[in-house]
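Thanks, everyone. I'll keep this short. Please look at the screen first, then we'll walk through a few spots.

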Amino acid sequence: MAENELKSHWQDWTLFGLRWVFLFGVSLLLYVIRSQSGVSVETQDLIVAFGIGAGLTLLFGVMIVFPNFRNILPFFVVAMDWGLTGVYVYVSQLHLRTSSPSFGAELAVIAICVPLIISAMQRLQPIPGILHATGVLTVAAGVLIYLVGTEQFNSLIDPYAVPALITTLIAIIAGVWNYVEYERSAGYRMAVQSLAKLREDQLAEMRERARALTEMTTVLAGTSDIKKILDAALDVGRFSLKKQNERRSPRLIGMALLVRSSDEALYMVNSRGIPYTDENRVIPGKDGIVGKALEDCVTVIGKDASKDIELKTIQAFFGIRSVLCIPLRAKYDNYGVLLFGSDRPNAFNEDHIDTLNVIGVQTAVALQNAYLYNTLLEEKERIIQLEEAGRKSLVRDLHDVPAQTIAAVKMRINIIQRLMDRNPAQVPTELKEVEDLAQRANEEIRHILSSLNPLALESQGLRAALDQFADRIRKQGQRIDMRVSQEAETYLDKTKQGAVYYLVEEAVGNAQKYAEAALIKVVVGRKGNVMYIQIEDNGKGFDPTIQKKDGREHFGMTNMRQRAETLEGALDLRSEPGKGTLIMVRFPIDTMSGSTEYIADTKLARKAMDTFEKMMSR
């Protein structure tokens, strides 16, 4: 009789109320029986019995109020009812000491024992209920024997046999009914307890999962290291799955695969539970569960990994019968996938999807931020390199032409000073040479300034700026054919016009300096949704596969590629020794509105560029 005997709180208060009804009812019944017996009525003993019963009942109510006493309430109910039985049977049978039993006294015993037995059965479980009923009957019999004495015990058999039989029969019926009711509700109680335990476990799991997600968010917010980001995602993902499958899935693997920019295949960056033989694996990511997750941008649950066209090539997935693939996507960019596998069938469900979707979204955003941060650092380094290269180029240009011309002017002035004394007739000729040198230096400096800041580009547009650039090139003795479509200004804003201008300038400058070309051709035009820039020369050409000694691409080519990237385009270079060089740059434009924004659908732009390339190759 401990925790198993505790029942609902309302049953305790119901029993508390029934005990008050018992006290008043039995006390009134005894008073009526005495009044009808024809003898003087003594109420002092009834008052004492009522007081004892009221004290026990009040103590029972106090124990109900305080939770600390709930474990001993069943014991107290048994003891209290035994006490009430003894007190009231003694008061109701006092006349046995001086007279024989009466019919009213026999009914009083039934009225005392039966209510106590039946009401207590509603509070107690079967075994304690049987103990309670046996005790009540035993106490009642003991009080009767005490009143008449052991010598007169035989005198109680005849008058109290029927009341004793009735009371016992009622106790048996109440006990059987209590047992049947208890067994009938046992299954329900077990189901409720199991449900309560399940809910408690689920709440504990949810708290653990929320804590793990919070820790993951903290890690993701505090690092731009891609490996650490994927470490946190795999750890939290496996934790969420393992907590729900710890009894059913002893083997759980996980891996993170990112999209490779060169061919859009997926390469493994991090893993859990994967053998070293599977490290650095690459899969196409076009078919199977991985391809579906990337294409539909939703979490996908798969079955036998050995039947997946891509996963079956990875040794770690042998024996894996449940697969879960979460795409790592932020806005319109796919960064890769998180893969989890279990060796139990149907190991993953919708709850896993909800949790891992959150992990996938946070991981994708963290990856996006990390890529943006790393790109920002690379861009910062590139800007520093461009500034340094620009300074060196300016110094080189000033040294190669204007500085040498000014040095020649100084030398001519020294010659003129000597001719003033020796041969004055030669002075005018030398002064004319000095004037020509000064004019040439002025034009060279103006050319450098124009290259640094082409005013025509700001005031007159791209066509005028490129035409003026071509004129300066021609004055230097280089043949150049410049053709710029009016659409280059219609569909390009100032920023893009500037990028096109500097890209053409860089390409023409390289051809002029290194190609030894007789003719340079430049075409800027449009084909459908694609703007193109073509720079071609008939110079000596070169082998594009040959890089610098340090393994890097030449600065001029790097600069042109970066300018093409700012236009969201691609640069294609074709050259062979002795066959000249062709540079083609293509980038998408928005021709629907005539605005300067890029077209939104990159697939359409790519298709348009491919079509244009085929036309050009013909």
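Where is the place of cysteine 297? Cysteine 297 lies in the loop between helix H8 (288–296) and strand S4 (300–302). A word on terms: helices are DSSP runs of H or I with at least four residues, strands are runs of E with at least two, and both are numbered from the N terminus.

Now the ground rules. This is a predicted model, where local features need pLDDT of at least 70, side-chain atom pairs count only at pLDDT 80 or more, and totals for chains, interfaces and linings use all residues. Residues are numbered from 1 along each chain as its sequence is written, and side-chain values use heavy atoms, with hydrogens and water left out.

Cysteine 297 has a positive phi of about 60°, although it is not a glycine. Why flag that? Because most residues other than glycine have a negative phi. Cysteine 297 counts as partly exposed, because its relative accessibility is 32%. The cut-offs: buried is under 20% relative accessible area, exposed is over 50%, and partly exposed is in between, using a 1.4 Å probe and protein chains only.

There is another such spot. Glutamate 568 also has a positive phi of about 60° and is not a glycine. Glutamate 568 sits in the loop between helix H16 (555–566) and strand S10 (570–575). At 51% relative accessibility, glutamate 568 counts as exposed.

Next, the sheet. Six strands form an open sheet in the order S3-S2-S1-S6-S5-S4, with antiparallel pairing. Which strands stand at the edges? Strand S3 (282–283) and S4 do; each has a single partner strand, so one side of each has no neighbour in the sheet. Pairing here means that DSSP finds at least two bridges between two strands.

Let's go through the pairs. Strand S1 (residues 252–259) runs antiparallel to strand S2 (residues 266–272), joined by six bridges. S1 also pairs with S6, again antiparallel, over seven bridges. Take alanine 256. Its bridge partner in S2 is asparagine 270, and in S6 alanine 256 stands opposite leucine 338.

Now follow leucine 338 across. Leucine 338 in S6 is the bridge partner of isoleucine 326. Strand S5 (residues 322–330) and S6 are antiparallel, with nine bridges between them. S5 and S6 form a hairpin with two residues between them. In that turn, lysine 331 has a positive phi of about 60°.

Last point: how many residues of strand S6 (residues 333–342) are buried? Eight of its 10, so S6 is mostly covered.
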